[in-house]
Amino acid sequence: MAEQDWVSERFTEHQDRLRAVAYRMLGSPGEAEDAVQEAWLRVSRADTGQVENPAGWLTTVVARVCLNMLEARRNRREDAAGALPPEPATPHAGVQAPGRAGPEDEALLADSVGVALMVVLDTLTPAERLAFVLHDVFAVSFGEIGTIIDRSPAAARQLASRARRRVQGAAGAAEAARSAKRDIVEAFLSASRNGDFAALIEILDPDVVVGEIRGGHAVATFFAGGAKAARLALVDGVPSAVWLHRGRPRAVFAFTVSGGRITRIAIDTDPDRLGDLDIVLLPAATGERL
């Protein structure tokens with residue numbers, strides 16, 4: 001009974017990290033939860049007498065479960081000829097303050113990566129994905145990774161290196177477009193809160209649409225002097241704006257940009273949808289009111 005209590009306490013202590021490992025491995029909150037539950041079933045029946053590093057042991061168990069799930073997923077895709085891979089799922093809810101995101105968020109939700117990285121991860125072999133995520137995101141040694149995938153540390157290092165090159169390539173390809181959109185959204189917020197009508201007209205497409213409001217002048221009039229509490233943020237990795245009340249997102253502004261101008265602004269205030277978004281606040285621009 002004492003041993004079971006010890007396992008339960010250690011599992012609870014490290015559960016957030018285990019869930020983060022599973023999500024980064026699988027790219028789906030639902031599958032990540034399934035993996036953590038399966039890991040609990042395994043560790044609850046295991047002999048823990050030789051366990052000296054509970055965190056490492058639990059991470060290894062979750063990683064093996066995820067590896068099995070990735071291999072099963074890959075086999076299903078190979079069997080389904082011509083089937084397209086599913087869209088990557090978004091992370092669980094959470095608002096990260098600027099400068100407060102954890103290492104995994106900094107690596108996977110960088111402005112130049114976002115959803116593009118999840119797409120790239122989905123193209124890696126299970127072993128490549130495991131080696132990259134565990135080493136580059138969670139600082140697991142290549143020796144431990146090699147044990148999980150039944151390879152040598154050198155082979156694990158090669159797998160992670162190969163995956164890293166693909167990830168860096170995706171980041172480079174997405175960087176210019178994402179940075180440009182971030183600049184446009186930031187300029188819009190600045191012009192809006194400062195009541196700079198002329199600047200808004202320059203940023204907005206003449207046929208811009210915001211709900212029932214249509215046309216550059218009408219939209220500029222609507223936003224001029226407003227958005228004082230809106231914050232620049234990454235929402236599921238995409239530059240956006242968020243209005244927070246008591247630390248909780250109450251509205252998300254999603255921007256469609258074409259030809260260097262904003263053509264549409266979608267405002268979502270649905271609590272259920274907002275609760276499923278992964279929000280990372282970006283550093284405040286000069287003159288921004290917090």
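1. Start with the largest nonpolar core, which has 43 residues; Met25, Leu130, Leu134, Ile145 and Ile149 have the most contacts inside it. By nonpolar core I mean buried Ala, Val, Leu, Ile, Met, Phe, Trp, Tyr and Cys residues joined through side-chain atoms within 4.5 Å, with buried meaning under 20% relative accessible area (1.4 Å probe, protein chains only). The elements giving two or more residues to this core include helix H1 (2–13), helix H4 (54–79) and helix H9 (153–193). H4 gives the most, with eight residues. Helices here are DSSP runs (H or I, at least four residues) and strands are E runs of at least two, numbered from the N terminus.

2. A word on the model: it is predicted, so local features need pLDDT of at least 70 and side-chain atom pairs count only at pLDDT 80 or more, while totals for chains, interfaces and linings use all residues. Residues are numbered from 1 along each chain as its sequence is written, and side-chain values use heavy atoms, leaving out hydrogens and water.

3. Now look at Leu130. Beyond four places in sequence, Leu130 is in contact (heavy atoms within 4.5 Å) with Met25, Ala63, Leu67, Ile145, Ile148 and Ile149.

4. Another core, of 24 residues, lies apart from the largest one; Leu204, Phe253, Ile265 and Val280 are among its members.

5. Ile265 sits in strand E7 (residues 261–268) and counts as buried because its relative accessibility is 2%. Its contacts beyond four places in sequence include Phe188, Gly211 and Phe253. Gly211 is 54 residues away along the chain, yet the C-alpha atoms of Ile265 and Gly211 are separated by 7.8 Å.

Notes. Buried < 20%, exposed > 50% of the residue type's maximum accessible area, 1.4 Å probe, protein only.
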